[in-house]
Amino acid sequence: MDRNVAFNQLDRLLADFSRENVLVLNDDQFIIPGLIGTHIHAPQYSYRGNGHDISLLQWLDTLILPYESQYPSHARHIYTKSVARSLRNGTTSACLFATIYLKATKELVNVIREQGQRAYVGKVNMNQNSPASLTETTESSVTDTHAFIVYVETTNNTGPSTSANRTTKSLVTPFITPSFAISCTSNLLTELDSLAAEYKLPIQSHLCETPHEIAFILLLFPGLADYTSIYADHGPLTNRSIMAHCVHITDQELAMMKDRNAGVPHCPNSNFTIRSGMAHVRRMLDMDIRVALGTDVAGGSSSSILEAPRRRRCGCRSCSIWRRWAARM
């Protein structure tokens, strides 16, 4: 590859290329790799910036879940806008939550292929503690998830991936997606882990986002010591797993994450916006835990992944100011 080529030499070097396929950058333009967003709720795109005066569980119960229950009727319209905005913000690869609805989640896959984004897409699983319209049976949740996997693999023209024949050229990969432990029973978590193992698929969910969430979850799984142990004991905590947020996670749980080599999508925008707290990212990095960035739309108010490092920097500065203030007390 030729570097730092003088402008008057371009014609010679580009002689074998059609000029219509050549883009000449001006002095204010540059090329960077596409950005990666590791935690996006695609159906919540039109709701970003709303309801940020209430806590996470209230926000889900009163705004987000009732809105998602209407999704079969307007999936293509919102998904088209969501993916397009993500791409305009430079996110060429994304990890996406859809909804429980199989048909609407297939539509998200179709939209992604049309627009050319590379994505890991999950049909969300929920079989308890959810509105009636969003509560699946364990059987229907597993059956629809299996049907979604087959749909993605078949339309990728690669066939099922049990024989490790998935091509790296496929734009879309299925993601096993239990919403969070509040909305999934033990049986469902175990069944989803079996699907992930059978098809060699990654797993995404939420972990330790707020204290109230953690307290409720421990009531649902009284025999386990902490939130992370629920995923570890039921299977969905592996080196193929990413668990978003981890704001209120203990050192013991982080050690478990490290032992299983699970990753953390860090979402500073939503952590501040819905007042979840500040994740101790430095502690995670010091433990050699994999950490990436996510927008968490619509918990996060912006679809731009570039907003995540900005918010993270503000968080770091806030901690520094607080430590200096506390030292004087």
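Tutor: The model is a predicted one. Exposed means over 50% relative accessible area, and buried means under 20%.

Student: Why is isoleucine 31 called exposed?
Tutor: Isoleucine 31 has a relative accessibility of 72%, and the cut-off for exposed is over 50%; therefore isoleucine 31 counts as exposed. This residue lies in the loop between helix 1 (10–13) and strand 1 (35–41). Together with Leu23 and Leu25, Ile31 makes a nonpolar surface patch of about 350 Å².

Student: How do you know that tyrosine 67 is buried?
Tutor: The relative accessible area of tyrosine 67 is 11%, and buried requires a value under 20%; tyrosine 67 is therefore buried.

Student: How many aromatic pairs does a search of the whole structure find?
Tutor: The search finds three.

Student: What makes the pair of tyrosine 47 and tyrosine 67 tilted?
Tutor: Their ring centres are 5.0 Å apart and their planes stand at 40°. Pairing requires centres within 6.5 Å, and stacked requires planes under 30 degrees apart, edge-to-face over 60; the angle of 40° therefore makes this pair tilted. Tyrosine 47 lies in the loop between strand 1 and helix 2 (56–68), and tyrosine 67 in helix 2, so the pair ties together parts 20 residues apart in sequence.

Student: Why is the pair of tyrosine 227 and tyrosine 231 called stacked?
Tutor: The centres of these rings are 5.7 Å apart and the planes are at 25°; since stacked means under 30 degrees, the pair is stacked. Tyrosine 227 and tyrosine 231 both lie in helix 8 (residues 227–234), four residues apart, and both are buried.

Terms used
Residues are numbered from 1 along each chain as its sequence is written. This is a predicted model: local features need pLDDT of at least 70, side-chain atom pairs count only at pLDDT 80 or more; totals for chains, interfaces and linings use all residues. Side-chain values use heavy atoms; hydrogens and water are left out. Patches are made of residues with over 30% relative accessible area and no salt bridge: like charges are joined within 9 Å, nonpolar side chains (Val, Leu, Ile, Met, Phe, Trp, Tyr) within 5 Å. Accessible areas come from the Shrake-Rupley method with a 1.4 Å probe; for residues, only the protein chains shown count as cover. A salt bridge is a side-chain nitrogen of Lys or Arg within 4 Å of a carboxyl oxygen of Asp or Glu. Helices (H or I, at least four residues) and strands (E, at least two) are DSSP runs, numbered from the N terminus. Buried means under 20% relative accessible area, exposed over 50%, partly exposed in between (1.4 Å probe, protein chains only). Rings of Phe, Tyr and Trp (its six-membered ring) pair if their centres lie within 6.5 Å; planes under 30 degrees apart count as stacked, over 60 as edge-to-face and the rest as tilted.
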